[in-house]
Amino acid sequence: MVSKTEEEQVNRLESQVENGGGGAWEYLCLVRKLKLRRSDKVLKFGLSILNDPKKRSALGPEEWTLYEEVAVAAMDCQCPDVAKEFTKVLQKKFPGSKRVGRLEAMLLEAKGSWAEAEKAYMSLLEDNPLDQIVHKRRAAMAKAQGNIPLAIESLNKYLEIFMADQDAWRELAEIYVSLQMYKQAAFCYEELILSQPTIPLFHLSYADVLYTLGGLENLQTAKKYYASTIDLTGGKNTRALFGICLCTAAIGQLTKGRNKEDKENSQLQSLSAVALEKDYKQRNQSKHSLLTATLKSLKLS
Amino acid sequence: MGVGFVVGVLGVLILSHAAYSTIQYRAMLKITEEEFSGPPINVVVELIAGLMLCMWAALTVPGKFLSILSHSDENRVVALPENLDFMIFNHRGKAIPMGIDAKLK
Amino acid sequence: MAEDLVLDTAIRDWVLIPLSVVMVLIGVLRYFVSKLMRSSSQLPDPKIVKEGQVIIRARNLRAAANFIPAKSFRARKVYYSNEENGLLFVPKGQAQNAQAQMFSDPNMAMDMMKKNLSMIIPQTLTFAWVNFFFSGFVAAKIPFPLTQRFRSMLQNGIDLSTVDVSYVSSRSWYFLNLFGLRGLFSLILGEENATDDTQRMMQMSGFGMDPSKSLSAEKDGLDIVQHEWALPKFEQRAEAALRKLVS
């Protein structure tokens with residue numbers, strides 16, 4: 001999970017390295033630790049370290065981790081030739097390693113030779129049928145080929161066994177959202193909230209899905225989850241503030257005429273509107289008029 | 001670090017001196033055959049001072065306190081990690097060559 | 001008081017140091033032997049992996065139940081603990097034979113035996129050796145006084161109550177080495193060395209633990225969870241947070 005401080009630290013380090021200030025290795029470590037996908041930067045900075053024999057030998061055994069990281073980054077940047085060279089180096093150093101085997105299969109994937117990649121993954125699975133990463137890669141590969149039903153199917157099969165794997169639940173949720181299968185997505189987000197109840201972003205996504213589903217009950221629930229997001233972030237999440245306004249407006253529309261207990265809750269909406277206005281005034285003066293217009297239209301409807 | 005560490009060492013020294021003087025005191029009591037009713041006042045003062053110093057050092061030397069508020073900057077999650085296990089390479093970057101002519105030397 | 005007990009330097013040269021060196025060498029040897037004997041890493045059973053994951057997920061549900069709506073919670077509860085095919089439900093007959101099955105698996109029994117052999121044989125041998133050659137004399141003196149309670153620990157093999165407790169008999173020195181060299185082994189053999197006796201003994205006692213028990217324990221825990229949705233409270237808390245932000 002990336003917290004605010006860590007995000008700032010990454011951005012600071014990135015601009016520092018970009019301007020030749022050093023700290024490339026720290027940046028790469030941080031990116032790896034936070035699991036960010038900044039492949040272009042990783043490739044650039046990683047190469048600058050690996051091409052400098054003095055810096056490279058200073059890393060010690062960490063050198064090989066760096067090779068792997070940069071190889072994946074190169075695949076992501078559509079430079080399979082570079083990735084191939086890194087993989088070769090690793091292959092030489094660790095012959096017969098499964099981790100390098102996975103890397104090679106990923107390389108095949110990056111080149112677009114799906115059948116061969118599939119074959120490579122299958123042979124890896126023969127050695128160890130419970131290799132989580134290979135299972136995940138196969139699901140991702142199905143997604144990359146555009147075969148979403150297959151991706152869902154293999155993810156479901158994977159989650160049948162490894163049902164405590166959050167990353168897979170998250171991937172599945174995102175796929176379901178992309179297919180507009182919101183009920184299923186809501187289930188996945190519930191699962192994510194269960195495993196990590198203090199992460200506001202899961203609450204937020206769940207609320208988004210519920211709001212999209214619509215219906216009075218779902219809208220009320222969505223509003224509650226937006227509220228919990230606001231509580232967990234101290235009201236610094238703009239999307240949740242907008243969510244509260246939209247939910248209140250939608251609920252108001254549905255319960256027009258029979259508004260009874262609605263009055264007590266309107267406090268939250270007006271507060272979030274004020275918070276939004278304050279935030280916009282502070283950070284983006286030019287869009288402030290847009291915001292006032294939007295809020296006005298919401299209140300009228 | 002420096003100051004706190006020195007203070008901590010000082011506190012430990014004071015505490016051990018208090019222990020030493022208590023032992024001395026008890027040995028002396030044994031010779032004069034009196035009952036041990038309590039440590040002498042200077043030992044008590046030493047103990048309190050040592051405790052204070054050690055406590056202060058223990059609270060400052062190991063590091064700063066972390067925030068437990070969910071909306072503080074250290075704890076507020078602003079971005080989820082990319083789901084790297086499910087990273088796919090068949091994305092729109094394919095259409096835009098990066099122009100990195102990187103080579104491993 | 002035996003303060004003027006003088007130890008021969010020959011004892012140091014021919015007992016104390018050789019004993020320690022031999023203990024270290026035997027530890028290293030045992031590490032390599034057990035490494036050789038360890039059967040090639042067998043694959044975990046998918047069923048066992050799944051059970052572990054089910055337990056984690058059910059525990060998550062129990063801990064964070066109040067964060068999901070009541071409907072979702074009820075659905076999940078039924079999914080986990082219904083009496084037909086719930087994930088946490090263990091059929092009666094199956095529960096007992098899990099352990100028997102574990103013992104009937106020849107591979108597993110073999111593995112356990114190998115582990116035991118590699119632990120017990122060298123220990124008995126070294127103990128016999130120490131007993132035969134070095135029994136019954138004082139080998140070292142520790143530099144601080146100790147109370148009488150430590151006598152059985154430090155003066156094993158000497159039945160004299162007049163010797164000061166800070167003197168260590170050779171047999172006790174052997175025991176101290178046997179249990180105290182773990183730190184040294186983790187230094188020279190790497191962190192996860194196989195010579196950790198105390199831990200292995202713990203493992204032995206907990207060996208026959210059967211997963212179905214933890215499943216049904218988790219089920220019982222889930223059955224008594226009262227669902228009380230926490231989210232309505234969050235509206236007030238969010239209001240308070242916003243008020244603080246706005247003002």
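**Exercise 1. State how far apart the centres of domain 1 and domain 2 of chain A lie, and which residues each domain covers.**

Solution. Taken over C-alpha atoms, the centres of domain 1 of chain A and domain 2 of chain A are separated by 39 Å. Domain 1 covers residues 1-94, and domain 2 is made of 199-253 + 265-301; these bounds come from an automatic or database domain assignment. The model is predicted, so local features need pLDDT of at least 70 and side-chain atom pairs count only at pLDDT 80 or more, whereas totals for chains, interfaces and linings use all residues. Residues are numbered from 1 along each chain as its sequence is written, and chains are lettered from A and ligands numbered from 1 in the order in which they are written.

**Exercise 2. Find which residues touch the most other members of the largest nonpolar core, and explain where this core lies.**

Solution. A nonpolar core is a set of buried Ala, Val, Leu, Ile, Met, Phe, Trp, Tyr and Cys residues joined through C-beta atoms within 7 Å, where buried means that 20 or more other C-beta atoms, placed from the backbone, lie within 10 Å of the residue's own. The largest such core has 106 residues, and those that touch the most other members are A:Val70, A:Ala74 and A:Tyr189. Because domain 1 and domain 2 of chain A both give residues to this core, it lies between them. Leaving aside residues up to four places away in sequence, A:Ala74 touches A:Leu43, A:Cys79, A:Val82, A:Ala83 and A:Phe86, a contact being a pair of C-beta atoms, placed from the backbone, within 7 Å. A second, separate core of 12 residues includes C:Leu19, C:Met23, C:Tyr167 and C:Tyr174.

**Exercise 3. Decide on which side of helix H2 of chain A its buried residues sit, and what they pack against.**

Solution. Helices (H or I, at least four residues) are DSSP runs numbered from the N terminus, and H2 of chain A spans residues 24-34, with A:Ala24, A:Tyr27, A:Leu28 and A:Val31 as its buried residues. They lie on the same side of H2(A), because they cover an arc of only 95 degrees around the axis, the arc being that of the directions from the helix axis to the C-beta atoms. Their packing partners are helix H1 (4-18), helix H3 (39-50) and helix H5 (62-76) of chain A. Just after H2(A), A:Lys35 has a positive phi of about 55 degrees.

**Exercise 4. Describe the sides of chain A that touch chain B and chain C.**

Solution. Towards chain B, 43 residues of chain A are in contact with 28 residues of chain B. Helix H9 (residues 132-144) of chain A gives the largest share of this side, 6 residues. By class, the side has 21 nonpolar, 7 polar and 15 charged residues, with Ala, Val, Leu, Ile, Met, Phe, Trp, Tyr, Cys and Pro counted as nonpolar, Asp, Glu, Lys and Arg as charged, and the others, Gly among them, as polar. The contact between chain A and chain C takes 28 residues from each of these chains. On the side of chain A, the elements that give two or more residues are helix H12 (182-195), helix H14 (216-233) and helix H16 (262-283), and this side divides into 16 nonpolar, 8 polar and 4 charged residues.

**Exercise 5. Work out whether C:Leu154 is buried or exposed, and which residues it touches.**

Solution. C:Leu154 belongs to helix H6 (residues 151-154) of chain C. With 22 other C-beta atoms within 10 Å, C:Leu154 is buried. Not counting residues up to four places away in sequence, C:Leu154 touches C:Val165, C:Val168 and C:Ser172.

Conventions:
Contact = placed C-beta atoms within 7 Å.
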